[in-house]
Structures are given as C-alpha cells and as structure tokens.
Amino acid sequence: MSSGVVHDGCEVPETLSLRREGAVGIITLSRPAKRNALSDRTILGLERIFTNLAPEVRAIVLDAEGDHFCAGLDLAEMAERDTLAGVAHSRMWHRAFDTIEGSLVPVVSVLKGAVVGGGLKLASATHVRVAERSTFYALPEGQRGLFVGGGGSVRVPRLVGAHRMVDMMLTGRRYDAVEGHAVGFAQYLVDDGVGLDHALGLAARIADNAPQTNFAVVQALPRIAEANPREGYLMESLMAAIAQGTDDAKGRMRDFLEGRAAKVTEDAR
C-alpha cells in the first residue's frame with residue numbers, strides 16, 4: 001500500500017507523480033503521450049524532490065508511465081539562446097542530475113522502451129538500473145547537429161566506455177536491451193512488465209541496509225574510484241572507519257557473530 005510522501009513540501013509539476021511504500025519513495029515520469037520527454041519543469045521538479053527528500057525515505061525508485069522510460073529532451077521547448085544562456089541552461093540540467101547522482105539515498109531506475117538522449121543521461125545519473133526487454137538506448141544528438149548535455153559526456157562513458165559513446169554519436173548506433181545489459185547500461189535485465197516489481201524488491205533490500213553504508217556507497221565510492229590511488233586509499237580508510245564506528249554497524253556485526261543475521265549463500269541474488 002502507498003503511504004506518506006516522498007518529499008518535504010516542495011512543488012511537484014504535473015509531469016511527475018509521487019508515492020511511498022514503506023521506506024521506498026517512488027517517483028514516476030508522468031508524460032506518456034510525449035514518451036516522457038523531459039521539459040524544464042520536469043527537470044526542476046526532480047531537483048526539488050531530491051533536494052527535499054522526506055527523512056523516512058531510505059531508497060528511491062524512478063519509474064515511468066507508458067511504454068517508454070524517456071525519449072529525451074522535449075524538442076518543442078528548444079529555444080534559440082545566446083552562448084551564455086545556453087551554458088546556463090546546460091548547467092541547470094547538470095545541477096539537477098547531480099542531485100540525483102549525489103542523493104543521500106540510492107536510486108533505482110526502471111527502464112523500458114526508449115532510453116534515448118536526455119533519457120539515457122537521466123538513467124545514467126541513477127545508481128542501479130533495471131531494464132525490461134523492450135528497452136533500447138540511443139544518442140541521436142550526433143545526427144541532429146548537436147552535442148550531448150546533461151552530463152552525458154561524463155556519465156555515459158563511465159558506464160560503457162568512451163569508445164562506445166563515440167560510435168553511438170557518430171553513427172547513430174542503437175543498443176537493444178540485451179546488448180545494453182552486456183555492455184553495462186543496466187545491471188539487471190528482466191521481462192517486460194516486471195521491471196517495477198523487480199526494482200521495488202531491490203530498493204526494499206537497499207532501504208534495509210545501514211544508512212551509513214548506503215551513504216558511503218553513494219557518496220564516497222564514486223569519488224574514491226575517480227581519485228588517484230594514494231588519495232583513494234586514504235578516503236577508503238576514513239570512510240570504513242566512520243562506518244564501522246557507528247552503533248548501528250556494531251549491532252549488526254554482533255547479530256552476525258551470534259548467528260542472528262543471514263549468511264551469504266549460493267542462492268543469494
């Protein structure tokens with residue numbers, strides 16, 4: 001059953017809908033007639049939601065109405081801008097997607113149909129991606145005389161490598177769900193129609209983790225991975241010490257040592 005709210009009192013545009021199931025907040029792109037194309041109102045709405053998450057929310061699922069996750073930027077909103085205005089608009093997208101990638105809680109996205117252009121950039125800002133078999137990925141900006149925005153030139157190569165992104169931009173190559181899963185666009189590949197249930201199950205498991213562990217994984221791990229080894233090792237030591245020094249971690253370790261916590265088995269997924 002749905003209960004409570006995902007955010008603390010911020011305005012939500014009509015292109016988004018919110019609900020909460022226990023500790024999992026569910027944000028839904030709600031513009032199916034436009035294949036959930038991203039308007040500025042939607043982008044700013046996502047930024048406000050992630051900036052004002054309710055304290056009860058321990059994980060987020062990002063879902064979409066209709067047959068498609070997101071077909072990219074709403075081209076009807078594209079306006080002629082001078083250079084500075086264009087930079088400011090791009091930086092607004094960066095800021096909004098940074099609030100998702102840098103969220104205090106992990107974000108699981110449910111991908112289906114088109115994950116194209118800005119939709120791929122949005123998906124790349126989430127931490128765990130579940131793709132249904134209808135999913136396909138593309139970056140059509142190269143055929144439209146454009147370059148990627150929304151942080152795509154940073155996040156997409158982290159997932160699949162710069163060489164694959166170059167190919168997609170230059171040739172218009174499209175990856176289907178199976179190919180996309182194999183190269184790293186999504187961590188999970190599921191049948192059509194079950195993506196949300198699978199994502200909710202993952203999010204519930206994530207929400208049950210220790211908050212300090214989720215924080216460390218989302219906030220510290222990407223920075224450690226990007227640092228030079230000497231700095232990375234130091235950050236790792238500091239974050240590990242902070243996490244294991246909490247009362248929560250000590251209690252969980254006692255439960256494990258005294259046989260009250262589950263062990264990892266071959267059947268664990």
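Predicted model: local features only at pLDDT ≥ 70, side-chain atom pairs only at ≥ 80, totals over all residues.
I began with β4 (107-111): five of its five residues are buried, so β4 is largely enclosed by the rest of the structure. Buried here means under 20% relative accessible area, with exposed over 50% and partly exposed in between (1.4 Å probe, protein chains only). Strands (E, at least two residues) and helices (H or I, at least four) are DSSP runs, numbered from the N terminus.

Residues are numbered from 1 along each chain as its sequence is written, and side-chain values use heavy atoms, leaving out hydrogens and water.

Next I checked the side chains of β4. Val-107, Ser-109 and Leu-111 point one way, Val-108 and Val-110 the other way. In a regular strand the side chains alternate between the two faces of the sheet.

Then I looked up the partners (strands pair if DSSP finds at least two bridges between them). β3 runs parallel to β4 with three bridges, and Leu-62 stands opposite Ser-109. β6 (residues 128-132) is also parallel to β4, with four bridges; here Leu-111 faces Ala-131.

Last, I turned to Phe-185, in the loop between α6 (177-183) and β9 (188-190). Phe-185 is buried, with a relative accessible area of 1%. Beyond neighbours within four places in sequence, its contacts (heavy atoms within 4.5 Å) include Leu-120, Tyr-137 and Met-168. I found Tyr-137 48 residues away from Phe-185 in sequence and 8.3 Å away in space, C-alpha to C-alpha.
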